[in-house]
Amino acid sequence: MRISDVLAALGPEFGSISHSKLRFLEEQGLIHPVRTPAGYRQYSPADVERLRFVLTEQRDSYLPLKVIKERLAAMDAGEPAPGPSPRLAGGTAVVDDGARRVWTAESVAEATGADPAFVADLLQAGLLRSGPGGRLDAGAPDVVRLAAQLAEHGIEPRHLRTLRASADRQVDLVDQLVAPRRHQQTASAQAQAATLAAEVGELLARLHATWLRRGVESLP
């Protein structure tokens, strides 16, 4: 399989997969495609499954590449993989749509079953942000669903502004961390920046969730 074939096979499950990401994972020793006499990379079905494992562990278990590499080495040696077995993501129609389709306020309302007026309130509160042509990002349906569930408990969009502002500050922190790599004009550096940003972002999200959970548990 060529790189384009691999991207086509994994794209529906992992919308952020790219040429540079594959090259970076190869540089880190996580995959080992063979080279043709002309120097082109060729991937086997086993390579694709190995990639699926790596990407699933990153997405679902938030594991850093070092730990994933150790798990792969253990499995290569015939040992049981430490920790829970990876979940092979089959995806859902909404997830696949989110990776590929263009979301607007109207299409998000339709996909989630939310009142268009509620989606408009989320936009006005800054919880959803529209780009050129009124386009929303791939996470918009999740934001609408979660905000709708919170609204059932009396938490309105205006109450969530500080939460969004806090998330924006964390994004700025991650941006400062990866900026030196991102500014390097090489595919490898760009892929490293994307991977590091994803890992640190997930760690920040888990830290925030831990504090929130502990705080709620301590309520009288």
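Trainee: How many helices and strands does the protein chain have?
Mentor: We're looking at a predicted model, where local features need pLDDT of at least 70, side-chain atom pairs count only at pLDDT 80 or more, and totals for chains, interfaces and linings use all residues. Residues are numbered from 1 along each chain as its sequence is written, and side-chain values use heavy atoms, with hydrogens and water left out. Helices (H or I, at least four residues) and strands (E, at least two) are DSSP runs, numbered from the N terminus. Counted that way, the protein chain has 10 helices and 2 strands.

Trainee: What percentage of the 220 residues is buried?
Mentor: Buried means under 20% relative accessible area, exposed over 50%, and partly exposed in between (1.4 Å probe, protein chains only). With that cut-off, the buried share of the protein chain is 32%.

Trainee: Among contacts between residues at least 6 apart in sequence, what percentage joins residues at least 24 apart?
Mentor: A contact here is heavy atoms within 4.5 Å. For the protein chain, the share is 56%.

Trainee: Is I3 buried or exposed?
Mentor: I3 sits in helix α1. Its relative accessible area is 13%, so I3 counts as buried.

Trainee: Leaving aside neighbours within four places in sequence, which residues are in contact with I3?
Mentor: Look at R41: it is 38 residues from I3 in sequence, but the two C-alpha atoms are 7.1 Å apart. With those neighbours set aside, the contacts of I3 are H19, L22, R41 and Y43.

Trainee: Which elements do the buried residues of α3 pack against?
Mentor: Quite a few residues of α3 are buried, including V48, L51, F53, V54 and L55. They pack against α1 (3–10), α2 (19–27), β2 (41–42), α4 (65–76) and α10.

Trainee: Which residues of α4 are buried?
Mentor: α4 has 12 residues and reaches 16 Å from its first C-alpha to its last, close to the 16 Å expected. The cover over its buried residues includes α2, α3 and α10. Those buried residues are L65, I68, R71, L72 and A74.

Trainee: How do α3 and α4 lie relative to each other?
Mentor: Axes are lines fitted to C-alpha atoms, for helices over the stretch in contact, and angles run from 0 to 180 degrees between N-to-C directions. The axes of α3 and α4 come within 10 Å and cross at roughly 140°. Angles under 35 degrees count as roughly parallel, over 145 as roughly antiparallel, 65 to 115 as roughly perpendicular and the rest as oblique. So the pair α3 and α4 is oblique.

Trainee: By class, what residues does the contact of α3 with α4 have?
Mentor: The contact is made by R50, F53, V54, E57 and Q58 of α3 and L65, I68, R71, L72, M75 and D76 of α4. Ala, Val, Leu, Ile, Met, Phe, Trp, Tyr, Cys and Pro count as nonpolar, Asp, Glu, Lys and Arg as charged, and the others, Gly among them, as polar. Sorted like that, the contact has 6 nonpolar, 1 polar and 4 charged residues.

Trainee: And how do α9 and α10 lie relative to each other?
Mentor: Helix α9 (residues 161–182) and helix α10 (residues 187–217) pack with their axes 9 Å apart, at an angle of about 150°. Among the residues that meet are L173 and L177 in α9 and L196 and V200 in α10. By class, the contact has 11 nonpolar, 5 polar and 2 charged residues. Because of their angle, α9 and α10 are roughly antiparallel.

Trainee: Which residues of α6 and α8 make the contact?
Mentor: Helix α6 (residues 105–112) and helix α8 (residues 140–151) pack at about 55°, with axes 10 Å apart. They are therefore oblique to each other. The contact is made by V108, A111 and T112 of α6 and, on α8, A140, P141, V144 and R145.

Trainee: What is the relative accessible area of R161?
Mentor: R161 is found in helix α9. Leaving aside its neighbours within four places in sequence, R161 is in contact with A125 and L127. R161 is partly exposed, because its relative accessible area is 46%.

Technical notes. The expected span of a helix is 1.5 Å times one less than its number of residues.
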